[in-house]
Amino acid sequence: MIYKIARFTVKKTKVEECKKAIAQFVHTVRLREPGTVLYESFVEKDGVTFQHFMVFKDKRAEELHSGTKYVKAFTGVLYPNCSKKPTFTELSLVASSRMRRK
């Protein structure tokens, strides 16, 4: 599994526009990417800083995700509306409360 976080800040005047783009993007990921195990978007208390938490089954799933037309379309909306561009951090799992089902 590959675990990543993307963190970015949007302009206050563009929050609602970005939230709509994020919701549509995450919906598309859910429908089209079986190798993306999890993709969630969170907003911090400041209302303008977002974190996206993503889990990919493997490197191939991550590469397929990154190369899609809808990622390009999403970043085309998001990036111009950011006051702080996304930074990506890869994580290594240490422990989890998530139970594995048989």
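Here's a quick look at a hairpin, a lysine and some aromatic pairs in this structure.

It's a predicted model, where local features need pLDDT of at least 70, side-chain atom pairs count only at pLDDT 80 or more, and totals for chains, interfaces and linings use all residues. Residues are numbered from 1 along each chain as its sequence is written, and side-chain values use heavy atoms, leaving out hydrogens and water.

Let's start with the hairpin. Strand 2 (residues 36-43) and strand 3 (residues 49-56) run antiparallel, joined by seven bridges. Strands here are DSSP runs of E with at least two residues, helices are runs of H or I with at least four, and both are numbered from the N terminus; two strands pair if DSSP finds at least two bridges between them. Five residues sit between these two strands, and glycine 47 in the turn has a positive phi of about 80°.

Now for lysine 4, which is in strand 1 (residues 2-10). Lysine 4 has a relative accessible area of 17%, so it's buried (under 20%; exposed is over 50% and partly exposed is in between, using a 1.4 Å probe and protein chains only).

What about the rings? The whole structure holds four aromatic pairs (Phe, Tyr or Trp rings, with the six-membered ring for Trp, whose centres lie within 6.5 Å; planes under 30 degrees apart are stacked, over 60 edge-to-face, the rest tilted).

Phenylalanine 25 and phenylalanine 74 are both buried.
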